[in-house]
Amino acid sequence: MDQLEVRFERTFPADVRSMEQTVHEIMGVIGQAKCAIEHEWQVELALREALANAVLHGAKGDSGKQVAVSVACANHFGVLIVVRDPGEGFDPRNVPSPIIGENIYSDHGRGIFLINQIMDEVRFEKGGTEIHMLKRRSDASPQQDT
């Protein structure tokens, strides 16, 4: 991890328009840095889901509150994204699975599941108010992060 460079940090109002602008800026930085080659769509989807959760659940859609995001990447390794929200947090173990029972028919509640499926590592910190998402380059081995 010490090989990663911080490329982008942003705090934005907890509203969808600011979120969309932030996603666009971050994906531009990731594209220029070439740290998610062949995985851009996965990184963008995970980023959108994490930011949407931060805006809608953490900040309760209150544009007077702020959501923060940091991106660190290295073109030979991959990308690390950290999203922080001002909410009370949650225990990700208590989030119902969207692929079991009646949840299959729900029109929401798939974000964390998707993030866990498409990113290489996902951790929740600070009582669930912070998510750390790592996507390695296809040609980067897990041993390179020491």
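The secondary structure comprises three helices and five strands. Helices here are DSSP runs of H or I with at least four residues, strands are runs of E with at least two, and both are numbered from the N terminus. The order from the N terminus is β-α-α-β-β-α-β-β. This is a predicted model: local features need pLDDT of at least 70, side-chain atom pairs count only at pLDDT 80 or more, and totals for chains, interfaces and linings use all residues. Residues are numbered from 1 along each chain as its sequence is written, and side-chain values use heavy atoms, without hydrogens and water.

Of the 146 residues, 41% are buried (under 20% relative accessible area; exposed is over 50%, partly exposed in between; 1.4 Å probe, protein chains only). The accessible surface is about 8,200 Å² (Shrake-Rupley method, 1.4 Å probe). Carbon and sulfur atoms hold 50% of that surface.

Contacts are heavy atoms within 4.5 Å. Among contacts with a separation of 6 or more, 65% join residues 24 or more positions apart.

The structure has one aromatic pair. Phe-90 and Phe-124 have ring centres 5.3 Å apart and planes at 75 degrees, so the pair is edge-to-face. Rings of Phe, Tyr and Trp (its six-membered ring) pair with centres within 6.5 Å; planes under 30 degrees apart are stacked, over 60 edge-to-face, the rest tilted. Phe-90 sits in the loop between β3 (78-84) and α3 (111-118), and Phe-124 in strand β4 (residues 121-125), so the pair ties together parts 34 residues apart in sequence.

| Residue | Relative accessibility | Class |
|---|---|---|
| Phe-90 | 33% | partly exposed |
| Phe-124 | 23% | partly exposed |
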